[in-house]
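The following exercises are to be worked with the sequence and the coordinates at hand. Each task is followed by a solution in steps.

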Amino acid sequence: MNGRVLVLGAGFAGLELATVLSEELGEEAGVVLVDEADAFVFGYSKLDVMFGHAEPADVRLPYSDLVKQGVRVLRETITAIDPDARQVTTDGGVHEGDVLVVALGADYDVDATPGLVLGENEFYSVAGAERLRDVLPTFTGGSAVVGVCGAPFKCPPAPSEAALLLHDFLSERGVRGACEISLVMPFGTPVPPSPDTSAALLEAFDERGIRFLANRRIGALDAERRIAVLDDGGELPCDLFLGIPKHRAPRVVLESGLAEDGYVPVDSRTLETRVPNVYAVGDVATVGVPKAGVFSEGEARVVARFLVARLRGDEPPAGYDGRGACYVEFGAGRVGRVDVDFLSGPKPTGTFRQPSAALVAEKREFGASRRSRWFGRAESLA
Ligand SMILES: Cc1cc2nc3c(=O)[nH]c(=O)nc-3n(C[C@H](O)[C@H](O)[C@H](O)COP(=O)(O)OP(=O)(O)OC[C@H]3O[C@@H](n4cnc5c(N)ncnc54)[C@H](O)[C@@H]3O)c2cc1C
């Protein structure tokens, strides 16, 4: 099958790209969108599922609901990418595009951390979040470790959120006094570009007796000795592990020749790879911004506008600006926000907005607006 624009991956980036092209070009969009999954799940929904705030079935947005003019959705697994030919092989056939957009996200390199098991003791996959949802109620005393196994990782505030939400979970069950919570992060502060956000999080950890171990990552887990081994050889008692696996681009991307140092290098303003008419957007690319949905969709919008302008013979749009807002769960139903700007100045900056009821509503609207734009489903999920 030949498509004008072949989009690999229907996550934050692929969904936004297909949506903008469909809105702008209708039937002429000629988008073929390929994903192996049957549904999209927001990253933050994994926290909701793990802590029992949402049912797994309720956070799934099935791709069968994605009906857009000019967009064909294929549920296939991509097994090879030939960038020069702009051709991909899947378990369903071979597809070509005039333009190829790689939006396959970041995958997990669990083998890099002995003792880490996908779908068991990590909450970055849907299966892992669902599994830990069953494990958490059985944890009534001992040492819990929220631990990052490598950087970069998706959504830098998520481990801090997990530690704070774990505190709530254990407190509500009356067992917090019998439990220790440690958070192991490979950064000096929880959210390095925003000292105010980091200070607020460190204060929240302090108030709740959560131990923050900075500039460390998890090297291995020893289930028999109930120990988490740190990269410096130090050891932490660990009866419950909520892990953030080491990330890398999906294997099919690493084998395509597009990647360097684990991800696809691109021009940060245009998202072009070294191959003409081949773009990489979102977590799969090295753009100079964190790996988060809000950046993935912003990058996708730039590529979509560029493709539309080129088709219409218009001036190219402004390049990607590296700006985005992330919501941060502080526990007790409170949500803060950090507005970050990664590309306009000599170094990244971030502005913190204190947790408030208005931000709880704003985060809900963030999800609802994407659901309605991408899937035509406006109803709010938990
Ligand atoms: C716990 C947690 C909390 C988070 N919270 C937030 C938040 O509050 N705000 C925020 O902005 N971001 C958040 N994120 C991060 C966010 O989910 C990701 O950064 C975002 O999904 C990246 O979008 P993407 O389109 O680049 O990749 P993805 O959304 O990962 O999409 C990639 C797609 O490619 C498909 N794919 C991969 N390989 C293949 C293959 N071989 N064949 C076919 N299909 C394939 C996958 O099925 C997937 O659908 C969070 C993440 C986690 C884990």
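Two strands pair if DSSP finds at least two bridges between them; helices (H or I, at least four residues) and strands (E, at least two) are DSSP runs, numbered from the N terminus. This is a predicted model, in which local features need pLDDT of at least 70, side-chain atom pairs count only at pLDDT 80 or more, and totals for chains, interfaces and linings use all residues. Residues are numbered from 1 along each chain as its sequence is written, and side-chain values use heavy atoms, with hydrogens and water left out.

**Exercise 1.** Determine which residue stands opposite Val184 in strand 12, and how many bridges join strand 11 to strand 12.

*Solution.* Step 1: Val184 stands opposite Leu213. Step 2: strand 11 and strand 12 (residues 210-213) run parallel and are joined by four bridges. Step 3: together with helix 5 (residues 195-208), these strands make a right-handed β-α-β unit; right-handed means that, with the strands pointing away from the viewer, the path from the first strand over the helix to the second runs clockwise.

**Exercise 2.** Describe the pairing of strand 11 with strand 10.

*Solution.* Step 1: strand 10 (residues 142-148) pairs with strand 11 in the parallel sense over six bridges. Step 2: Gly142 has Cys179 of strand 11 as its bridge partner. Step 3: the chain passes from strand 10 through helix 4 (residues 158-172) to strand 11 in a right-handed β-α-β crossover.

**Exercise 3.** Explain why strand 11 is largely enclosed by the rest of the structure.

*Solution.* Five of the six residues of strand 11 (residues 179-184) are buried, where buried means under 20% relative accessible area (1.4 Å probe, protein chains only).

Notes
Buried < 20%, exposed > 50% of the residue type's maximum accessible area, 1.4 Å probe, protein only.
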